[in-house]
Amino acid sequence: MTAPLVIFDLDGTLIDTAPDLIDSLNYTIEDVGLQPVTFEDLTHLVGQGVRVMIRRAFELRRVALDEPTAARLFDRYMEHYEAQMPGRSRPYDGVVACLDRLSAVGMRLAVCTNKSERLAFPLLEKLGLLDRFVAMTCGDTFAVRKPDAQHIFGTIERAGGDPTTSVMIGDSVNDILAAQNAGIPSIAVSFGYSDVAVDTLNPDRVISGYHELTVEMVETLISTDVKRVAAAT
Ligand SMILES: O=C(O)COP(=O)(O)O
Ligand SMILES: [Mg+2]
């Protein structure tokens, strides 16, 4: 059997990036006089990368956004975010111990994020976490991104894993839906940036802290999944 692969989402799952996402977004939209957004707003804006986040901020304020302005504001955001990385962003409590625990029994770890490569790689590098993962794929790595199943399959392929022994862990509808679309088990974290209660997304498990993400939980989900796949074929 291929070694189990645990695939993590980044923003709101591995790393609490919200303070920096909010700072950079507010710096960006201040330039055109848009009212600053709050954490509650962010849960509706984040998830599909920077361009979509800016567009949704304009929709939230019911202000039209033309293409040249969108392009200029995208550059403004990227420069601001890059300049302060890692800023106030930190791994959630227990992340490092959890990665240690899973790696210690031979599980492989990967990241599947809708953040762009330009931001995700340096952020994990600066936080000293990048070399923990055998692969990271981002919102601009493939032609599609979460919730498209191909983003998950592409991550599994790069990590040398197999869908029947892979698990996805994330904080939002994009992650849980991507896992469901790919037919792999999912674990939702309750402390991220979802705009709905995560149990309504029907993940296989919900955890409220990394101490709950055990080797046993991953093994149980994978063995249940192997049986499910076997029963279906
Ligand atoms: O940056 C985003 O919009 C989403 O990033 P995530 O997929 O890591 O949550
Ligand atoms: Mg997320």
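A: What follows goes through the ligand site step by step, from the shell to the contacts and then to the annotated positions.

The model is a predicted one, and within it ligand 1 sits in the largest pocket. Around ligand 1 stand Asp 9, Leu 10, Asp 11, Val 46, Gly 47, Gln 48, Gly 49, Thr 113, Asn 114, Lys 115 and Lys 146.

Turning to individual atom pairs, the side chain of Thr 113 places a polar atom 2.6 Å from an oxygen atom of ligand 1, while the side chain of Asp 9 has an N or O atom at 2.8 Å from an oxygen atom of ligand 1. With Gln 48 the backbone is involved, as one of its polar backbone atoms is 3.3 Å from an oxygen atom of ligand 1. On its own, ligand 1 has 280 Å² of accessible area, and the protein covers 94% of this.

The UniProt record, an unreviewed entry, assigns the feature "binding site" to Asp 9, Asp 11 and Asp 171. These three positions are spread over 163 residues of sequence, yet they cluster in space, with a largest C-alpha distance of 8.2 Å. From this set, Asp 9, Asp 11 and Asp 171 belong to the lining of the largest pocket, which is the pocket where ligand 1 sits. Asp 9 and Asp 11 are also among the residues around ligand 1, and Asp 9 makes one of the contacts described above, through its side chain.

Methods. Residues numbered from 1 in each chain as written. Chains lettered and ligands numbered in written order. Predicted model: local features only at pLDDT ≥ 70, side-chain atom pairs only at ≥ 80, totals over all residues. Heavy atoms only, no water. Near = heavy atom within 4 Å. Polar contact = N/O pair within 3.5 Å; in protein donor to acceptor, adjacent residues only side chain to side chain. Areas by Shrake-Rupley, 256 points an atom, 1.4 Å probe, with all protein chains shown as cover. 1 Å grid on protein atoms, 1.4 Å probe; cavity = no way out; pocket = protein on both sides within 12 Å on 5 of 7 lines; lining within 4 Å. Sits in = over half its atoms within 2 Å of the grid points. UniProt positions renumbered as here; feature names shortened; annotations may be inferred.
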